[in-house]
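Visitor: Hello! Could you walk me through this structure, one question at a time?

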Amino acid sequence: MGKDAEVTQSGVHGQDTRQAASDAPEGDETVADDKQGKGDEGDDGEDGAEAGIRRPRRGLRVLRWAALSVAVLLIGTAGAGYLYYEHLNDNIEQDVLNLGDSKVAAPTPNAAGQTPLNLLVIGSDARDSEENQQLGGARETFGSTPLADVQMLVHLSADRSNMSVVSMPRDTLVKIPKCTDPDDGTVHAASEGRVMTNQSLGHGGPGCTVATWQELTGIHIDHFVMVDFAGVVSMADAVGGVPVCVDANIHSRDNAGHGSGLKLEKGTHPVKGEQALQWLRTRYGFEDGSDLARAKAQHMYLNSMIRVLRENATLSSPGRLRALAEEATRALTVDPGLDTVKKLYDLSEELRTVKPERITMTTMPNRYVGARVEPTEDAEQLFRLVREDIALDGKDAKKKDPEPGPGSQAPADPAAADDAIAVQVRNGTRTEELAAARGRADTVAGLLVEQGFARAVADPSVLPSEDRTVVRYPSADLAGDARRVAEALGIPADSVQRSTDVSGVTLVVGADWREDTAYKVPVPDDTTPESAEALNGADTGACMHVDPGFTWS
């Protein structure tokens, strides 16, 4: 773990009124909300103390930012970095990729041997330097454990044609898995209940944030990049300004002094340095004043930043590139797979192949639970699209017919004659909401007999639960028979699976076939949920709506 990371791993977990759950039972969300729910006023830089909380309050918890760390990869820092390669490499901090016990398997390569790439971008609210302290406020929290207040998953498609970004609100309630600190071996037990996702960074480092994401989404994460307050400002200065838009004059400051301090006139203006940080921190004054509105503003900033880096010719000057490379490498903490300028450059070359119109920014669909949020069913839909490498802009090229599913394989020998294939049929139509549909195993076994599968029988002794109808087989010599049964009923090849849980060819009638005699292949919904509030990377007309209570004339 790097020098900055070592400072942040102090034994005191600093908290604000949104983070006081450690004084209540970890799984008691109601108690946590009672203590946390009124502390948001300080999110944009205000300090204060709360009676009954023995640890210092941490007012600012809102870096919520990832634009520049991704953008520096897009520009290709090695253009300047090779001039003093070792110096820049020494600037880069590194930490362990995954501190959890469970791992998520990497995706299967496509027909061309390509695999997607998933990068988790983390914004830390660390107060571990004088510069971070000045920018973040809350002097009493100097050196306390940071929070992962920005979490954005960047997904680069296997064919490198498109990119998807999924932001998770920092207030999302999740179960943090057990994580072991790589520096001192401290074991952070898994949370007994759900806690705010930004606490994961304090459970051993960014590798625990990665583990938390993988547990929640089932998405394999290849790399992470983490940046802090000072990194935002210095890199924004090096870039030279990013245009942002507001639909009215805004001053993010209320009568009690809460707010980021952002002050802009109506229209589009370039922001850099501390003003860029103010934009990325602003909650008071944007739309409904929620963390979700802030994420929307960050997506607009990221899109604009990418366009600047692709279009601004001044960034090709050696001096500008050197400045950006210097600031970027000092601002980043990465996993060992990205610990040199060369590795960052190689990644940047892959990222920069995607045109802005094929970049889609989204926020994890969520619903409120008291003062917090939790993932909805639409969130799982969004995670599935990323897992299956489906473009969120809906512009994927037509895919070939699906290959056999996990555990399946092409039959080594032809199938036996239909009347010689023994088939057990089980009723797996039960769901969480519905009981098993009566008689389905008998009905489908009868259909097979009518088609010449004389040895097909219903097995009423097992009542599994399957979303989709599947045909399973235990060994390679029965693969052809299983394929033949699926073909006869119109069941797709990717629903034929090898499994040691069965002793022979076994057809499980799933919840997708609760009625009728003809099987209808489910058509998956591969559209991005509206609740993800997708923003296209080429949208130059996006503009943040200003709350009338925060405007000026």
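Guide: Gladly; we will look at confidence, then a sheet and its helices. This is a predicted model, in which local features need pLDDT of at least 70 and side-chain atom pairs count only at pLDDT 80 or more, while totals for chains, interfaces and linings use all residues. Residues are numbered from 1 along each chain as its sequence is written, and side-chain values use heavy atoms, with hydrogens and water left out.

Visitor: What is the mean pLDDT of the chain?
Guide: pLDDT is the predictor's confidence in each residue, from 0 to 100. Here 75% of the residues reach 70 or more, and the chain's mean is 80.

Visitor: In what order do the five strands of the open sheet lie?
Guide: Strands (E, at least two residues) and helices (H or I, at least four) are DSSP runs, numbered from the N terminus. Two strands pair if DSSP finds at least two bridges between them. The pairing in this sheet is mixed, and the order is β19-β18-β22-β20-β21.

Visitor: Which are the edge strands?
Guide: An edge strand here pairs on one side only. That describes β19 (456-458) and β21 (496-498).

Visitor: At about what angle to β20 does helix α15 run?
Guide: Axes are lines fitted to C-alpha atoms, for helices over the stretch in contact (heavy atoms within 4.5 Å), and angles run from 0 to 180 degrees between N-to-C directions. Helix α15 (residues 479-489) lies across β18, β20, β21 and β22. Its angle to β20 is about 165°.
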